[in-house]
Amino acid sequence: MGRTLQNTMINLGLQNACDEAVYQLGLDMEELEEIEEDAGLGNGGLGRLAACFLDSMATLGLAAYGYGIRYEYGIFNQKIRDGWQVEEADDWLRHGNPWEKARPEYMLPVHFYGRVEHSASGAKWIDTQVVLALPYDTPVPGYMNNTVNTMRLWSARAPNDFNLRDFNVGDYIQAVLDRNLAENISRVLYPNDNFFEGKELRLKQEYFVVAATLQDIIRRFKASKFGSTDSVRTVFDSFPDQVAIQLNDTHPAMAIPELMRIFVDIEKLPWDKAWDITKRTFAYTNHTVLPEALERWPVDLVEKLLPRHLQIIYEINQRHLDHIASLFPNDVDRLRRMSLIEEGDTKRINMAHLCIVGSHAVNGVAKIHSEIVKTQVFEDFAELEPEKFQNKTNGITPRRWLLLCNPGLAELIAEKIGEDYVRDLSQLTKLHKFVDDDLFIREVAKVKQENKVKFALYLEKEYKVKINPSSMFDVHVKRIHEYKRQLMNCLHIITMYNRIRRDPAKLFVPRTVIIGGKAAPGYHMAKMIIKLINAVAQVVNNDPVVGSKLKVIFLENYRVSLAEKVIPATDLSEQISTAGTEASGTGNMKFMLNGALTIGTMDGANVEMAEEAGEENLFIFGMRVEDVTELDRRGYNAQLYYDRLPELKQAVDQIKSGFFSPNDPNLFNDVVNMLFYHDRFKVFADYEAYVKCQEKVSELYLNSKAWTKMVIRNIAAAGKFSSDRTIKEYARDIWHVEPSDLKIPPPNEPRDAGQDKTPNGTAA
């Protein structure tokens, strides 16, 4: 979520008043804003997307809740020591959190372990351990519409009789100390992005958030006029018409068997009825196609932790496979491919298959990704129910990612086309008519230059590095992962360095290359990549021949509040994943909206950005998905590229020989070995096209006016990438709710007694 103060002031229309009031007190608002900690309760794009979605849902007047876990420790703080990443605990609550309100009156029990007893009256899950879920509510204000929604985060609490209720004559002190075991559930965020780690505590976290949330949703449904009761029993027929639940990846997939357990075991609905309601309630968003990221929980672990849920999953699977066998008799291989249970060394539950079978809609997050989901990853399921599969291209909130972080540009745009674009970003197309307006061109360039100077000052203050604000700011910020190919950027840096040294007198367009992002603590290769970038920076930044022509900076502890500083100052946005690996990306959209040009592959939302702006207004290079597929078919041989490209050979040899690590010449052996013998993401295959494309970038940068015109064309084409558009599509195609543009009257104005202020519709 990042910081909340400035976002709240903007959405409430109070920023100027607050700035003035604080100034009158002799304080500086910007200094005050810097004191607030980021709420870093997610890993990367997926968590930030949820935050943008909350802002858009409130702005569109949807009755929507964001549910999650109130981690005591969020994503680690990253320190760089001697070029290596070192993790520190993110004690973000140390000074309290003024935006949250604990709601103990809505505390709920969550059960673990135990066993299942079957009788004539049905299944009973008994002898369980109970953990309490304490909700904390954070307000989510819409933009200037007097709507405030809720983000409800659950914290784990031990019940007061924890470890004391069992004939425990024993150690009272130890029993109280053991309360930590239960409360550890919400202690810390697992720091993996695009990687599955099958740990028991993680599964506990996933079930904890799901079980508490579903009880909360059902309590609210029963309290509403729709949860009508026949004498005692609630009628759930209207449940899917009143409630929509969107699964943000497979992490909350246990919601599907949990809702079935509630309906069948507790509410005593017949299975078929319960299953129909469940399917119509859930929809699933897939966020990645990387096999190592797909959740596959061991059956033994689920059986121990959630025995009843395993039985329900088996029943779902049996009925699912019976259905497929009836459609495709004797096709045992299809049954194996489509089963929720994977046989092998250890039997596992494929959570993506569970989500697809248990949902009425499945979507990818960019056109190209949704195609890959349909035709490759889940092709058997798409063949069965093609109408279930959709696309919903991601977006970003223009409130945080333009108004808040780039007020200069936001104001400049408002002067030209009015202020309405903030709620309807498609209006940015009106900027096309100013693409040849010399004054506007100069003003856009001036705002960018001011942002660069401001960021240069920040870097000087924080990192004691002097950088040239007239150099091209070439920025690559995102989680560190092999598929995102920070290594390819690194090879380009080394190539530029070698060119400068080969011919110091030759014209060279000065660059400041800024790379930032966190590596998962257990991801060895990602940590080596960080070390390599820092080792290269050490050499480049201290070579007198290079001087101010080329500077390399690794941005420490990349996070939302740092993104808000670097993105508005960026000239060139690096979006260089191997085609077919980045589901969408959202940083790409933030840079586009803030007046950076993109160098990128035809991957994720880059494809649609090129479609909107015209391919000639992005620097597109490298293999397309088809080329990658063809190269896989032929077999990728890195050696070929190394032998054929002298500059690539030189760069790789320097890494290999210890040119960048003289004290430990073998330091980067693992990296070099990976590049030659098991590079799944084919860095060498795109190197030549990337370097050539970068030459075109430098050439255009020399012509400031032509560069800025291309920037304006990009901003004018960024309207599609508002999360408001994304959420309208979810609302229309999946949730079946109507966004309301109605501005609720402020609390100080009387309302018409006659008007029903809650229009009927689903709560998402």
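About 70 Å³ of space lies in the second largest cavity of this predicted model. The lining of the second largest cavity is made up of His476, Lys478, Lys484, Gln575, Ile576, Ser577, Glu582, Ser584, Gly585, Asn588, Asp603 and Asn606. By class, these lining residues comprise 7 polar, 4 charged and 1 nonpolar.

The cavities of 30 Å³ or more number 4. The largest cavity has a volume of about 170 Å³, and 15 residues line it. Met1, Asn7, Asp55, Val140 and Arg400 are the lining residues that lie nearest the centre of the largest cavity. Helix H1 (5-12), helix H4 (45-59) and strand S8 (129-141) are the elements that each give two or more residues to this lining. In the lining of the largest cavity, 6 residues are nonpolar, 5 are polar and 4 are charged.

Strand S8, which contributes to the lining of the largest cavity, also pairs with several other strands. Strand S4 (residues 101-102) runs antiparallel to S8 and is joined to S8 by 2 bridges; within this pairing, Ala102 has Tyr136 of S8 as its bridge partner. Strand S5 (residues 108-112) is likewise antiparallel to S8, with 5 bridges between the two, and Val110 is partnered there by Val131 of S8. The pairing of S8 with strand S9 (residues 148-157) is antiparallel and extends over 10 bridges. In this pairing, Pro135 is placed opposite Trp154 in S9. S8 and S9 form a hairpin with 6 residues between the strands, and Met144 in this hairpin adopts a positive phi near 55°.

A second hairpin is formed by S2 and S3, with 2 residues between the strands. Strand S2 (residues 77-81) and strand S3 (residues 84-88) are antiparallel and share 5 bridges, with Lys79 opposite Val86 in S3. In the turn of this hairpin, Asp82 has a positive phi of about 55°.

Strands S14, S15 and S16 belong to an open sheet of 3 strands, arranged in the order S14-S16-S15 with antiparallel pairing. Strand S14 (296-298) and strand S15 (341-342) are at the edges and have a single partner strand each, so one side of each lacks a neighbour in the sheet. Between S15 and strand S16 (residues 348-350), the antiparallel pairing comprises 2 bridges. Ile341 is opposite Ile349 in S16.

Strand S15 is also among the elements that line the second largest pocket. This pocket has a volume of about 710 Å³ and a lining of 33 residues. Val289, Leu290, Pro291, Gln376 and Val377 are the lining residues nearest the centre of the pocket. At least two lining residues come from each of helix H13 (332-338), S15, helix H14 (351-357), helix H15 (367-377), helix H16 (379-384) and helix H25 (625-634). The most is given by H25, which supplies 4 residues. The lining of the second largest pocket divides by class into 15 nonpolar, 10 charged and 8 polar residues. Residues of both domain 2 (196-394) and domain 3 (464-705) occur in this lining, so the second largest pocket lies between the two domains.

Helix H29 (residues 683-702) has 20 residues. The distance from the first C-alpha of H29 to its last is 28 Å, close to the 28 Å expected at 1.5 Å a residue.

Methods. Residues numbered from 1 in each chain as written. Predicted model: local features only at pLDDT ≥ 70, side-chain atom pairs only at ≥ 80, totals over all residues. Heavy atoms only, no water. Pairing = 2+ DSSP bridges. 1 Å grid on protein atoms, 1.4 Å probe; cavity = no way out; pocket = protein on both sides within 12 Å on 5 of 7 lines; lining within 4 Å. Points joined across faces, edges and corners; volume = space filled by probe spheres on them. Nonpolar A, V, L, I, M, F, W, Y, C, P; charged D, E, K, R; others polar. Domains from an automatic or database assignment. Expected span 1.5 Å × (residues − 1).
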